[in-house]
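User: I would like to go through the charged side-chain pairs in a structure. Please show it before we start.

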Amino acid sequence: MLLQQTLSINSKVKIGDLVRSMSFDFSFDDRVGVILTWVRTGGPEGTVWEVLYPDGTTEYWDENDLEVINEGR
């Protein structure tokens, strides 16, 4: 729990947030998902998050490639 709280403070993304992922052309596409958990925490490359999409698929995304649409509570 403490690690989760620390990640939420140090990161622009946190578990439960509704996010949009970045397209290959560096614009944000219409694919929206929910943050499930972190895969890698911090470091020089930043945090990697697991995102759940409405079709049931999950993908790993670097936090710098995500746009927060609505923050989870």
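Analyst: Buried means under 20% relative accessible area, exposed over 50%, and partly exposed in between (1.4 Å probe, protein chains only). This is a predicted model, in which local features need pLDDT of at least 70, side-chain atom pairs count only at pLDDT 80 or more, and totals for chains, interfaces and linings use all residues. Residues are numbered from 1 along each chain as its sequence is written, and side-chain values use heavy atoms, with hydrogens and water left out.

User: How many salt bridges are there by the rule?

Analyst: A salt bridge is a side-chain nitrogen of Lys or Arg within 4 Å of a carboxyl oxygen of Asp or Glu. Under that rule, the count is four.

User: Are Lys 14 and Asp 17 buried or exposed?

Analyst: Lys 14 and Asp 17 form a salt bridge, with their closest N and O atoms 3.4 Å apart. Both residues are buried.

User: How many residues apart are Glu 67 and Arg 20?

Analyst: These two form a salt bridge with closest N and O atoms 3.8 Å apart. Glu 67 is in strand β5 (residues 66–70) and Arg 20 in strand β1 (residues 18–22); strands (E, at least two residues) are DSSP runs, numbered from the N terminus. The pair links distant parts of the chain, and the separation is 47 residues.

User: Which residues are linked with Arg 31 in a network of salt bridges?

Analyst: Arg 31 forms a salt bridge with Glu 59, the closest N and O atoms being 2.7 Å apart. Arg 31 lies in strand β2 (residues 28–40) and Glu 59 in strand β4 (residues 58–62), so the pair ties together parts 28 residues apart in sequence. The network links Arg 31 with Asp 55 and Glu 59.

Terms used:
Helices (H or I, at least four residues) and strands (E, at least two) are DSSP runs, numbered from the N terminus.
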